[in-house]
Amino acid sequence: IHDFYSLSFREQPIFSTRAHVFQIDPNTKKNWVPTSKHAVTVSYFYDSTRNVYRIISLDGSKAIINSTITPNMTFTKTSQKFGQWADSRANTVYGLGFSSEHHLSKFAEKFQEFKEAARIAKEKSHEKMELTSTPSQESAGGDIQSPLTPESINGTDDERAMPEVTQNSEPRAEPTQNALPFTHSSTISKHWEAELATLKGNNAKLTAALLESTANVKQWKQQLAAYQEEAERLHKRVTELECVSSQANAVHTHKTELNQTIQELETTLKKKEEEIEGLKQEIENARELQAQRDSLTQKLQEVEIRNKDLEGQLSDLEQRLEKSQNEQEAFRNNLKTLLEILDGKIFELTELRDNLAKLIECS
């Protein structure tokens, strides 16, 4: 977490995408817990100083993913749009849900690429460590012990005593012996002065070499401490990986269950999509029926208006027919009356004819 909040210009994003972020439930180790309410940006970061790749994601100001990629990590596709990987340092399993299979494949390719780069960087680091440790051992075994002993810096006891013995032996020479000439004594003195200057120069050089070697030893000790810390960290990492491997069977079983659940959900989703398509078709049909209904309603209204007009015309015709029937009935009645009158007149004429005929016969 501290490394995340200390991001600087040395660590830059090299690939970004958007996905829904999940983490495995720490209690059950089976269920996925969403860490973001919506899709967030997930980025690969590269630290050129430490040669480290990381996966980082933010939800607002909260870091929901801060995972360093190591050669031992594996990104697994569990479905067409979902992938996961285990981070032993964070002691969790991350899951990402993508909007399409293309985004998932692209993220998996980048994961494999940066994982391989992390492996190569780790091998180079080990080679550099071996090359650094090899000359350190050679220098410690040869160059330091040989020239930097107290005897080599200040000379041996015999060498340090030699000038004093020589100087003291000359004044104590026996008078009976042949005394050395003054010029010869001056030559010896200059010789010893030159020897003394040479010894002082050698002493200064050896002292400088001793200081430089001491500094190198301190540097090598610091590197050794750093290597010991790295070895200790790697040992802890191995222990964590062993713990993770012990949970591999449970994770595999959980993965199988998740795959089955995802397949069931995908089947259900397909059924729901088919139902949605059917409902959409029914809605379209209903809209067409509604349009037909509106058209028929309009036609029905027109027919009703026309029917009302026809009813009015029919009522008028019925009134006219009734009036005509009444007139015909009155005409019939008049005709009957006229027929009755005509019958009476005809009867009277018949009687008159008969009477006239009788009169004619009588006359």
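**Before the close-ups: how to read these legends.** Two strands are said to pair if DSSP finds at least two bridges between them. Helices (H or I, at least four residues) and strands (E, at least two) are DSSP runs, numbered from the N terminus. This is a predicted model, in which local features need pLDDT of at least 70 and side-chain atom pairs count only at pLDDT 80 or more, while totals for chains, interfaces and linings use all residues. Residues are numbered from 1 along each chain as its sequence is written, and side-chain values use heavy atoms, with hydrogens and water left out.

**View 1. The whole chain, for orientation.** Six helices and eight strands make up the secondary structure of the chain, and their order along the sequence is α-β-β-β-β-β-β-β-β-α-α-α-α-α. Of the chain's 363 residues, 18% count as buried; here buried means under 20% relative accessible area, exposed means over 50%, and partly exposed lies in between (1.4 Å probe, protein chains only). Among contacts in the chain with a separation of 6 or more, 56% are between residues 24 or more positions apart, where contact means heavy atoms within 4.5 Å.

View 2. Strand E3 (residues 40–47) runs antiparallel to E4, and six bridges join the two. Look for Phe45, which stands opposite Arg54 in E4. The E3–E4 hairpin has four residues between its strands, and Asn51 in the turn has a positive phi of about 55 degrees. E4 also pairs with E5 in the antiparallel sense, again over six bridges, and Ile56 has Asn66 in E5 as its bridge partner. In this second hairpin two residues lie between the strands, and Gly60 takes a positive phi near 75 degrees. Six of the eight residues of E4 are buried, so the strand is largely enclosed by the rest of the structure.

View 3. Strand E6 (residues 76–77) pairs with E7 in the antiparallel sense over two bridges, with Thr76 opposite Gln84. Four residues lie between E6 and E7 in their hairpin. Strand E8 (residues 92–97) runs antiparallel to E7, joined to E7 by six bridges; Gly83 stands opposite Leu96 in E8, and Asp87 has Thr92 as its bridge partner. The hairpin of E7 and E8 also has four residues between the strands, and the turn residue Asn91 has a positive phi of about 55 degrees.

**View 4. The two faces of strand E8.** In a regular strand the side chains alternate between the two faces of the sheet. On one side of E8 sit Thr92, Tyr94 and Leu96, and on the other Val93, Gly95 and Gly97, all of them buried. Six of the six residues of E8 are thus buried, so the strand is largely enclosed by the rest of the structure.

**View 5. Phe22 and the residues around it.** Phe22 belongs to strand E1 (residues 11–24) and, at 21% relative accessibility, counts as partly exposed. Leaving out residues up to four places away in sequence, Phe22 touches Trp32, Val33, Pro34, Thr35, Phe82, Val93, Tyr94, Gly95 and Gly97. Phe22 and Trp32 are 10 residues apart in sequence, and their C-alpha atoms are 6.0 Å apart in space.

**View 6. The largest pocket and its lining.** About 1300 Å³ of space lies in the largest pocket. Of the 40 residues that line this pocket, Arg50, Val52, Arg89, Glu230 and Arg233 are the closest to its centre. On a 1 Å grid over the protein atoms alone, a pocket is an open set of points where a 1.4 Å probe fits, with protein on both sides within 12 Å along at least five of seven lines, and lining residues have an atom within 4 Å of a point. Grid points are joined across faces, edges and corners, and the volume is the space filled by probe spheres set on them. Strand E4 (52–59), strand E5 (62–68), helix H2 (101–143) and helix H5 (182–246) each supply at least two lining residues, and H2 gives the largest share, nine residues. By class, the lining has 18 nonpolar, 11 polar and 11 charged residues; Ala, Val, Leu, Ile, Met, Phe, Trp, Tyr, Cys and Pro count as nonpolar, Asp, Glu, Lys and Arg as charged, and the others, Gly among them, as polar.
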